[in-house]
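Subject: Structure for you to look at

Hello,

Please find the structure below, followed by notes on what was found in it. Keep it open while you read.

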Amino acid sequence: MSEVVDVHAHLLMPGLHAEVERRVPEEVQAAADLELRRNGLASLQASGRMIGERFPRLTSVEARLAAMDAQGVDRQWVSPSPNHFYPWANEGLATWTTGEANRLIAEHVAQAPDRLVGLGTVPLQHPQLVVDALDDAVLGRGLAGVEISSFAGDVELSDDRLEPFWARAAELRAVVFLHPFGCSLDERLDRFYLSNTVGQPTENAVALSHLIFAGVLDRHPGLRLVAAHGGGYLPTAIGRSDRAWKVRPEAHGCAHAPSTYLAKLWFDTVVHDERALRWLVEVAGADRVLLGSDFPFDMGLDDPVGFVRGAGLADAEATAILGGNAEALLRTRVHA
């Protein structure tokens, strides 16, 4: 019987953020101002209360393990809370923040190595630094891979400057966990929590489309990219991408119809709708779907295991999603 593995769980590192704030207070304030513009005051206030209530689960191994026991989860992949991406940081600060985040993630999961797997991060806004940061995470810290955002500054995932990163990630057989932080639609989403409910799936769809249409998955077929939030809107609207590939010459950067690449990616189960989960299994394959919860945030799944088991999937499909697929994904990774 496979373990139950949750691939989408986060660690908040308040000491790291305090040091960033000490070093560059004006830049931290500018980032906070952008968050206010993107989210609106009501959402930021609600999020502040929510994080305060869940702070122990975001920081403490003991609280994390107790919550996992209550959810019936045997193992978690722990990645940085996305506020630690710092996509505005200059080269020097970005090198320090990513190295420190990788160290803190490694220390956290080392407290329960039989139950926790770590994912680090890279400074996506500085493509010339990302390979070294990936090596630091995987070879230096023993992490299973890294978490990246959907874009950073002027760097989209189709950027040619990221080619060495994709090649190295494939070579290391490292997980690359795509998790957006912030939506470039900015103040259009500043009420009703649209910055999250619309912004996150939009950013997932845009980022994955950059990867697919640019031919990244053609050039790096061994890439192990896991998309948070079920890949956002892309899996449900993939027919439109196929149509563009068929009729538009500028949409022919990939060798095959975009829908064929869904089976070359992995997706978590944070879709909040059993019909969406069944559709994801249909278009990507049950072997490409991994249990995720977005632990411990309020927009995650409170009962991630029950959600999968109640989705009307075949028993073998549910078992694979609950843990077998995640185990297979890590089985051949390169270790430090």
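In these notes, contact means that heavy atoms lie within 4.5 Å. The model is a predicted one, in which local features need pLDDT of at least 70 and side-chain atom pairs count only at pLDDT 80 or more, while totals for chains, interfaces and linings use all residues. Residues are numbered from 1 along each chain as its sequence is written, and side-chain values use heavy atoms, with hydrogens and water left out.

Two more terms are needed. A residue is buried under 20% relative accessible area, exposed over 50%, and partly exposed in between (1.4 Å probe, protein chains only). Helices (H or I, at least four residues) and strands (E, at least two) are DSSP runs, numbered from the N terminus.

Buried parts

Start with Ala207, which lies in helix H9. Ala207 has a relative accessible area of 1%, so it is buried. Leaving aside neighbours within four places in sequence, Ala207 is in contact with Ser150, Leu157 and Leu178. Ala207 and Glu156 are 51 residues apart in sequence, yet their C-alpha atoms are 7.2 Å apart in space.

Helix H9 (199–213) is also part of what covers the buried residues of helix H7. Why is H7 largely enclosed by the rest of the structure? Of the 10 residues of H7 (residues 163–172), 7 are buried, so the helix is largely enclosed. Those buried residues are Glu163, Phe165, Trp166, Arg168, Ala169, Ala170 and Leu172. Besides H9, their cover includes helix H6 (127–140), helix H10 (216–219) and the strands S4 (145–148), S7 (175–178) and S8 (224–227).

Thr97 is in helix H5. With a relative accessible area of 2%, Thr97 is buried. Its contacts, leaving aside neighbours within four places in sequence, are Leu16, Val20 and Tyr86.

Backbone points

Most residues other than glycine have a negative phi, and most peptide bonds are trans. The following places depart from that.

- Tyr86, not a glycine, has a positive phi near 45°. Tyr86 sits in the loop between strand S2 (75–80) and helix H5 (91–110), and at 2% relative accessibility it counts as buried.
- His229 is in the loop between S8 and helix H11 (238–247), and counts as buried at 12% relative accessibility.
- The peptide bond from Phe295 to Pro296 is cis, with omega near -5°. Pro296 is in the loop between strand S10 (289–290) and helix H13 (304–309).

Surface patches

Patches are made of residues with over 30% relative accessible area and no salt bridge; like charges are joined within 9 Å, and nonpolar side chains (Val, Leu, Ile, Met, Phe, Trp, Tyr) within 5 Å. A salt bridge is a side-chain nitrogen of Lys or Arg within 4 Å of a carboxyl oxygen of Asp or Glu. Accessible areas come from the Shrake-Rupley method with a 1.4 Å probe, and for residues only the protein chains shown count as cover.

Leu36, Leu41 and Leu44 form a nonpolar patch, with about 240 Å² of accessible area together. Leu36 lies in helix H2 (residues 25–39) and is partly exposed at 39% relative accessible area.

Glu53, Asp298, Asp302 and Asp303 form a negative patch. Asp and Glu count as negative, Lys and Arg as positive, and His and the chain ends are not counted. The place of a charge is taken as CG of Asp, CD of Glu, NZ of Lys or CZ of Arg. Glu53 is in helix H3 (residues 41–59) and is exposed, at 61% relative accessible area.

Regards
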